[in-house]
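I opened this notebook to keep track of what I looked up, entry by entry, and in what order I looked.

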Amino acid sequence: MKVKVKEIFRDKYTNKVYKLNDELDVTDARYEEIKQYVEKVEKSNKKKADK
């Protein structure tokens with residue numbers, strides 16, 4: 001799932017620092033670990049209108 005960083009945090013496994021608005025691909029389990037720092041990115045299903 002895609003998530004967007006809403007609060008700066010350091011990944012405890014990689015020591016990488018994630019900054020505001022960084023986007024990550026994470027598993028559901030990993031999301032549960034970091035959900036206080038990120039928000040889900042909703043997929044847009046909008047289609048362009050035909051002209």
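Predicted model: local features only at pLDDT ≥ 70, side-chain atom pairs only at ≥ 80, totals over all residues.

Entry one, salt bridges. By this rule I have a count of four salt bridges. One of them joins Lys35 to Glu32, with 2.9 Å between the closest N and O atoms, and both partners are partly exposed, Lys35 at 40% relative accessibility and Glu32 at 47%. I then found that salt bridges with shared partners join Asp11, Arg30 and Glu33 into one network. Arg30 is buried, with a relative accessible area of 15%, whereas Glu33 is partly exposed at 40%.

Entry two, the sheet. I looked up the strand order and found an open sheet of three strands, β4-β1-β5, paired antiparallel. Because β4 (23–25) and β5 (38–40) stand at the edges with a single partner strand each, one side of each is left without a neighbour in the sheet. β1 and β4 pair over three bridges, and Lys4 stands opposite Glu23 in β4.

Entry three, the surface. I noted a nonpolar patch of about 260 Å², made by Ile8, Val17 and Leu20. Ile8 sits in the loop between β1 (2–5) and β2 (9–10), and at 52% relative accessibility Ile8 counts as exposed.

Methods. Residues numbered from 1 in each chain as written. Heavy atoms only, no water. Patch = residues over 30% accessible without salt bridge, like charges linked within 9 Å, V, L, I, M, F, W, Y side chains within 5 Å. Areas by Shrake-Rupley, 256 points an atom, 1.4 Å probe, with all protein chains shown as cover. Salt bridge = Lys/Arg side-chain N within 4 Å of Asp/Glu carboxyl O. Helix = DSSP H or I, 4+ residues; strand = E, 2+ residues; numbered from the N terminus. Buried < 20%, exposed > 50% of the residue type's maximum accessible area, 1.4 Å probe, protein only. Pairing = 2+ DSSP bridges.
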